[in-house]
There are 2 protein chains.
Amino acid sequence: VESSVVSRKLDQAVGFLREAGIDLWIAQFARESYEQPTPVDTLAVGCSVTWPAAFLVAASGRRTAIVGTGDVANVRAAGVYDEVVGYVQDVAVPLREVMSDVNPTRVAVSYSVADDMADNITHGMFLMLQGILAGTPYFDCLVPAEGILGKLRAYKLPVEVRRIQDAIEMTHQLFGLMPQLLREGVTESELADRLRGEGRARGGAPAWDPRYDPIVNFGPGSGFGHSEPGTVALAPGMLVHIDLGLKVEGYCSDLQRTWYVLRPSESEAPLEVQEAFAAVRVSMDAGFETLRPGIPGWTADRQARDALLRAGYAESEFAFGHQLGQTAHDGGALLGPPWPRYGTRPEMPLGEGMVFAIEQAVPTEAGPIGLEDDVLITAGGAEYLSQPQTALEYVRL
Amino acid sequence: VESSVVSRKLDQAVGFLREAGIDLWIAQFARESYEQPTPVDTLAVGCSVTWPAAFLVAASGRRTAIVGTGDVANVRAAGVYDEVVGYVQDVAVPLREVMSDVNPTRVAVSYSVADDMADNITHGMFLMLQGILAGTPYFDCLVPAEGILGKLRAYKLPVEVRRIQDAIEMTHQLFGLMPQLLREGVTESELADRLRGEGRARGGAPAWDPRYDPIVNFGPGSGFGHSEPGTVALAPGMLVHIDLGLKVEGYCSDLQRTWYVLRPSESEAPLEVQEAFAAVRVSMDAGFETLRPGIPGWTADRQARDALLRAGYAESEFAFGHQLGQTAHDGGALLGPPWPRYGTRPEMPLGEGMVFAIEQAVPTEAGPIGLEDDVLITAGGAEYLSQPQTALEYVRL
């Protein structure tokens, strides 16, 4: 993600700081951040550092980076922080000086129990920060920045929505290749390699761990969840399920589609498969219809979950939807059930300008049916950024 | 790094646990670890996870992974943890169960203020862990795992030393290309691209952020420290300084070399440049001679630093040496001055089987002179894994 986008995100952050009554945000306090990168780096920092470094954003708009002298050139070149203070021996000295100068009452630090994507400082660096501030008036001022950072990830600028749309468009192009890629005997991992290659050729990177992006399932014996495509070879009577994300210019898509491979004797899928597709479609629609600013995410999950239960399927083990942005699971408000695993995220309200991937899946005797689409929350509800799959697609080998 | 190597590192870790009187090591407690990877992942985990996951290593040798059901296939496939417990709603329940079963008195968690490479849990996840253990006998048992994790990174298995040697060998091959790559007018960034390409072609990856691996400096006007190669074009009378690291099968090299581009009228470098090279060489030798098991790292830095000061050069702003392994700055015992920036690492003693990169540099009117070599600490002292540069190399364009 280029510095110009990071810089615009920091302008946006200043608004959130003021709304929250935060005087200073320690966006990052890290070291060796190429070896230990965090999602805040590409959102609010703009480069990696080697020695302990603090990136500060004040409610006044002042942006100060305090970095080891060996990192100064690199941080200046990134051009996101106007003020770059180099130190040789001890980050504590210039950090305390800048703190005194800003003299904040509330200082937000990028950590969160609830929101993984807003949890970007190590425990050791948090303890180091406390040690540096011990004996200053700022020691007791530290609060989690999860609200600010969660909003900053969630409320997309127009440039961010455009990039997500570019990634979605490229993903649809790859799905368009599927009828020609689905050949008798092709294995899951061969198809996955082919899709990865076609994505790379178009300038797209994987949106998550490439070992299971795409997830490819042929038939009922295939792996479940985040598992690597395997050696199952394609044959008639199988469902083909793909979960594919691409990252384009730093922003992600996340889509699922399902095909059925007709047997020579068949003109449509077995009734069980057709009913399962219909149930997934109904669940997706029920969840989508619920989406609008102000609702807590669990209400959309509940509608989608209940629709599936009413159709006679087992309860889903997963959340109905998650945010999408620089990462495929972009944190913050979640369209998920109120389970401890999801913390307080299902309670967080949706807002205009957020982007979610919504998804639903059920197993059948022919394999899993899974659908996933990407949506933008609008003033009045939500709109699809992708073109939803409304009918099971059929393939003959 | 393949699972077989990770598995051998966990066998090694059990020895360190017993030595330290630790009953259980929570090697990792993380979520979305593809988006937020930490150096412990390739050392002691073996794969990434999406939902909150705990990777436990007991002093008995028992290895248990507690992961969301969607991650189970992936963790089983990695094959490092024999016991994989899947959960749907709440990681706390199986985690408390396994803790009760092991019933530890001292539980090490992978965080550290002093050692960046041993600081691998976020502050939010540490707070979540405390929340899970609140009300159990284990709440007060948490101690930092920095000693165990520092040793585990530092004490290399033979397979690890061999891989570092492979990376060093490939780096020497690239240095061997330099006389033919150094042509009139080539720019720093063109040379950097060429070296990166030659490394890739041989199966090597960058050992650190590829924006400044290699660092390339032509002449005195070039950037300092971790800065990107620029637009300076090569001309006679310039020093050429390269800091290059390669990662081969998960392990790194880190070497610096210096060339001088003779002017048509010159048969050797200006006296100032020759003297500076000699001073850097003397400093390197002084530091190297000091190396042996048992000494704290700062003593080697002191010898190297003093040798440079005695030769009349300004004091170095950097540590004389750092560990090398899966990362180019591999944490733990550091050959550095006792500055706050380095925490307690300069006090940590060296041990047989550790690998260090040692380095020294000075600026001259023709550009920077920098040397860096990789050494293994042996029972009686240290031996070079690379072939040190003993004389300034000359190039004619």
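1. A crossing of two helices is called left-handed if the near helix is turned anticlockwise from the far one by less than a right angle, and right-handed if it is turned clockwise. In this predicted model, the crossing of helix 1 of chain A and helix 6 of chain A is right-handed.

2. Helix 1 (residues 3–20) of chain A packs against helix 6 (residues 146–154) of chain A at an angle of about 140 degrees, and their axes lie 9 Å apart. That angle makes helix 1 of chain A oblique to helix 6 of chain A, because the label of roughly antiparallel is kept for angles over 145.

3. On the side of helix 1 of chain A, the contact is made by Lys9(A), Gln12(A), Ala13(A), Phe16(A), Leu17(A) and Glu19(A), which meet Ile148(A), Lys151(A) and Leu152(A) in helix 6 of chain A. The residues of this contact comprise five nonpolar, one polar and three charged.

4. In chain B, six strands form an open sheet of mixed pairing, in the order 4-3-2-1-5-6. Strand 4 (83–87) and strand 6 (142–144) of chain B stand at the edges with a single partner strand each, so one side of each has no neighbour in the sheet.

5. Strand 3 (residues 63–68) of chain B runs parallel to strand 4 of chain B and is joined to it by five bridges, with Thr64(B) opposite Glu83(B) in strand 4 of chain B.

6. Chain A is superposed on chain B by a rotation of 180 degrees with 0.0 Å of shift along its axis (RMSD 0.0 Å), which is the relation of a two-fold axis. Since 100% of the interface residues of chain A are also interface residues in chain B, the copies meet through the same surface.

Terms used:
Residues are numbered from 1 along each chain as its sequence is written. Chains are lettered from A and ligands numbered from 1 in the order in which they are written. This is a predicted model: local features need pLDDT of at least 70, side-chain atom pairs count only at pLDDT 80 or more; totals for chains, interfaces and linings use all residues. Side-chain values use heavy atoms; hydrogens and water are left out. Axes are lines fitted to C-alpha atoms, for helices over the stretch in contact, and angles run from 0 to 180 degrees between N-to-C directions. Helices (H or I, at least four residues) and strands (E, at least two) are DSSP runs, numbered from the N terminus. Angles under 35 degrees count as roughly parallel, over 145 as roughly antiparallel, 65 to 115 as roughly perpendicular and the rest as oblique. Contact means heavy atoms within 4.5 Å. Ala, Val, Leu, Ile, Met, Phe, Trp, Tyr, Cys and Pro count as nonpolar, Asp, Glu, Lys and Arg as charged, and the others, Gly among them, as polar. Copies are superposed by least squares on the C-alpha atoms of residues with pLDDT of at least 70 in both. Two strands pair if DSSP finds at least two bridges between them.
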